[in-house]
Amino acid sequence: MRICIPGLLLTILGFAAGSATHAGELQLLDFELEDQFGTVHRRSDVQGTIVLLNGSDKGGVQFNGVWGRAIQEALGDHPAYDQISQLAYANLRGVPFFLKKLIRGKFPQEPERWTLMDWKGVIARAYEFAPKSTNLLLFAPDGSLVLHASGRELDEQTLDEVITALGSLLDEVQDSAN
């Protein structure tokens with residue numbers, strides 16, 4: 001997702017925010033957001049791939065890396081793992097405009113560690129992010145939301161749900177390639 005001017009251009013393709021039980025009713029938003037380097041990212045960049053969005057508000061940022069590493073450790077050897085478009089996401093709703101430059105500077109400075117910067121919190125609102133927690137959104141290649149999980153410290157049951165859902169999608173992608 002990228003920010004054009006200081007705003008977002010988002011169109012909700014499906015609307016029915018909820019949890020994993022309502023996941024099939026939601027679609028990946030048509031987003032356009034900038035990362036901390038000013039590079040614009042769009043839905044069209046990841047269309048047709050498995051999308052794993054890992055993000056939070058300020059209160060949950062400390063947990064994002066733990067969840068991301070656990071998923072990578074569990075599935076990183078899968079032959080189709082490179083078919084995942086991984087999106088790091090920051091819900092920055094509520095940050096005053098005059099602090100935007102300062103906040104951008106606090107994000108990783110390595111280009112490969114870019115993060116989608118959602119200044120209006122559109123994604124967090126649309127998918128009802130749990131506050132002060134890591135939120136993991138998993139989308140199938142057709143854009144449908146397969147799973148929304150959230151947590152703070154690593155929870156084995158939740159992690160197993162994410163890994164099972166992601167593993168199934170990876171298997172489908174691999175089977176269709178063969």
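## Notebook: Thr 134 and the sheet around it

I started at Thr 134, which sits in strand 8. Strands (E, at least two residues) and helices (H or I, at least four) are DSSP runs, numbered from the N terminus. A note on what I'm looking at: this is a predicted model, where local features need pLDDT of at least 70 and side-chain atom pairs count only at pLDDT 80 or more, while totals for chains, interfaces and linings use all residues. Residues are numbered from 1 along each chain as its sequence is written, and side-chain values use heavy atoms, with hydrogens and water left out.

**Thr 134**

Is Thr 134 buried or exposed? It has 0% relative accessibility and counts as buried. Buried means under 20% relative accessible area, exposed over 50%, and partly exposed in between (1.4 Å probe, protein chains only).

Next I looked up what Thr 134 touches, leaving aside its neighbours within four places in sequence. Its contacts include Asn 54, Phe 63, Trp 67 and Ala 149; contact means heavy atoms within 4.5 Å.

Five strands make it up, open, with mixed pairing, in the order 7-6-5-8-9. Two strands pair if DSSP finds at least two bridges between them. Strand 7 (116–118) and strand 9 (145–151) are the edges; each has a single partner strand, so one side of each has no neighbour in the sheet. From one strand to the next, the twist averages 20°.

Background I jotted down: strands of a sheet pair through backbone hydrogen bonds, either parallel or antiparallel.

Strand 5 and strand 6 are a parallel pair with seven bridges. Within that pair, Asn 54 is opposite Ala 88 in strand 6, and Leu 52 has Gln 86 as its bridge partner. On to strand 6 (residues 84–91) and strand 7: these also run parallel, joined by three bridges. There, Asn 91 is opposite Asp 118.

How many residues of strand 5 are buried? I get seven of its seven.

**Helix 2**

Helix 2 (residues 61–75) lies across strand 5 (50–56), strand 8 (134–139) and strand 9, at about 150° to strand 5. For such angles, axes are lines fitted to C-alpha atoms (for helices, over the stretch in contact), and the angles run from 0 to 180 degrees between N-to-C directions.

The 15 residues of helix 2 should span 21 Å at 1.5 Å a residue, and the end C-alpha atoms are 22 Å apart, which agrees. The expected span is 1.5 Å times one less than the number of residues.

Which residues of helix 2 are buried? They are Phe 63, Asn 64, Trp 67, Ala 70, Ile 71 and Leu 75. Down the helix axis they fall within an arc of 140°, so they line one face of helix 2; the arc is that of the directions from the axis to the C-beta atoms. Those buried residues pack against strand 5, strand 8, strand 9 and helix 5. On the other side, Gln 62, Arg 69 and Glu 73 are exposed.

**Helix 5**

Helix 5 (residues 156–177) packs on the sheet, touching strands 5, 6, 8 and 9, and its direction makes about 155° with that of strand 9. Its 22 residues reach 31 Å from first C-alpha to last, close to the expected 32 Å. Among its buried residues are Leu 159, Val 162, Leu 166 and Val 173. What covers the buried residues of helix 5 includes helix 2 and strand 5.

**Aromatic pairs**

Last, the rings. Those of Phe, Tyr and Trp (its six-membered ring) pair if their centres lie within 6.5 Å; planes under 30 degrees apart count as stacked, over 60 as edge-to-face, and the rest as tilted. I count three aromatic pairs by this rule.

One is Tyr 89 with Phe 129, edge-to-face, at 5.4 Å centre to centre and 75° between the planes. Tyr 89 is in strand 6 and Phe 129 in the loop between helix 4 (122–126) and strand 8, so the pair ties together parts 40 residues apart in sequence. Both are buried: Tyr 89 at 2% relative accessibility, Phe 129 at 13%.

Another is Phe 97 with Phe 98: centres 5.7 Å apart and planes at 85°, so edge-to-face again. Both of these residues are exposed.
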